Amino acid sequence: MPFHQLVVDLAGTSLDRAEEACTRLGAIAVSLGDAGDAPVLEPAPGETPLWPAVRLRALFPAATDPRQAAAALAGELGIPLESVGMEFVEDRAWEREWLRDFRPMRFGHRLWVCPAGQPPDGPAEAVLALDPGLAFGTGTHPTTALCLEWLDDAIRGGERVLDYGCGSGILALAALKLGAREATAFDIDPQALIATRENAAKNGLDGRLAVAEYASEIAGRFDVVLANILSGPLVALAPGIAPKVREGGALLLAGMLARQADEVAQAYRPWFDIGPVAEREGWTLLAGRRRPE
């Protein structure tokens, strides 16, 4: 079913009123985005950060008269009618639109990550077919790419791996494809667990992958522990993540900006010899080795 969409640029102070007005006028969805070029990378706990200039998009059913809706919205907000844009939007699988740019990608020497149904573009020793669904993780983001390249170099075969904050399951499944013996994947997002299970089955890896819905379900210690999340959670979770790594085992941390790397590393130094091993587009990868207790 097609839709009509109204688009208007607003200052953050008028957003609540604008969202309420769109809902009253019959909008079935309202989204907010950056109207300029001021990305928000990581909010403080409890905050919902917004951009200095926000672009509001309100989606209306096809039966709505967009001119009437635009005029009503302009009147509600006290803005000129010409400042409200009108668009006709064809129906599509919205959650999958961005996947149009997801292509087979090579990481290191052995590993390829490919959209399900697409073959690698060259010789491949390890191929992971991936459909992230609604979860984070395809390899297109610098933090994920850095982790995959590290795994390609570090996994030698037979390791027991923990992916803490697994998203699509990409890191745990890549480790298995590269020769790890078994892996455990954990995430607090139910969509991530769904995507991880589906990707494991798609690759014939479900027999070697355990999916944990709660951190308390993570059993034992691991040769390799991966956590590609954000700097704040990485710091807060250090006392819980560190005991999951066996003596002499490897820890890989990602999801932090370069300026945050030292704070994250400091949180893990009571247990690990740790430091930056790679950086890309402002994101830093930390790797550590667990010291004897």
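Visitor: How many helices and strands are there in the chain?

Guide: The chain has seven helices and 14 strands, where helices (H or I, at least four residues) and strands (E, at least two) are DSSP runs numbered from the N terminus. This is a predicted model, in which local features need pLDDT of at least 70 and side-chain atom pairs count only at pLDDT 80 or more, while totals for chains, interfaces and linings use all residues. Residues are numbered from 1 along each chain as its sequence is written, and side-chain values use heavy atoms, with hydrogens and water left out.

Visitor: Why is His 4 called buried?

Guide: Buried means under 20% relative accessible area, exposed over 50%, and partly exposed in between (1.4 Å probe, protein chains only). His 4 has a relative accessible area of 14%, and is therefore called buried. His 4 lies in strand E1, residues 3–11, and among the residues it touches, leaving aside those up to four places away in sequence, are Phe 60, Pro 61 and Phe 88; touching here is a contact, with heavy atoms within 4.5 Å.

Visitor: Which cysteines are buried, and how many disulfides does a search of the whole structure find?

Guide: Cys 147 is called buried because its relative accessible area is 1%, and Cys 166 because its own is 4%. A disulfide is a pair of cysteine sulfur atoms within 2.5 Å, and the search of the whole structure finds zero of them.

Visitor: What makes E10 and E13 the edges of their sheet?

Guide: The open sheet of seven strands has the order E10-E9-E8-E11-E12-E14-E13, with mixed pairing, and two strands pair if DSSP finds at least two bridges between them. Strand E10 (209–212) and E13 each have a single partner strand, so one side of each is left without a neighbour in the sheet.

Visitor: How do you know that E13 and E14 pair?

Guide: Eight bridges join strand E13 (residues 272–280) to strand E14 (residues 283–290), running antiparallel, and the definition asks for at least two, so they count as paired. Among these partners, Phe 272 is bridged to Arg 290 and Gly 275 to Ala 287. The two strands form a hairpin with two residues between them, and Glu 281 in the turn has a positive phi of about 50°.

Visitor: Which helix lies across E12, E13 and E14?

Guide: Helix H7 (residues 261–268) lies across these three strands, running at about 160° to E12; axes are lines fitted to C-alpha atoms, for helices over the stretch in contact, and angles run from 0 to 180 degrees between N-to-C directions.
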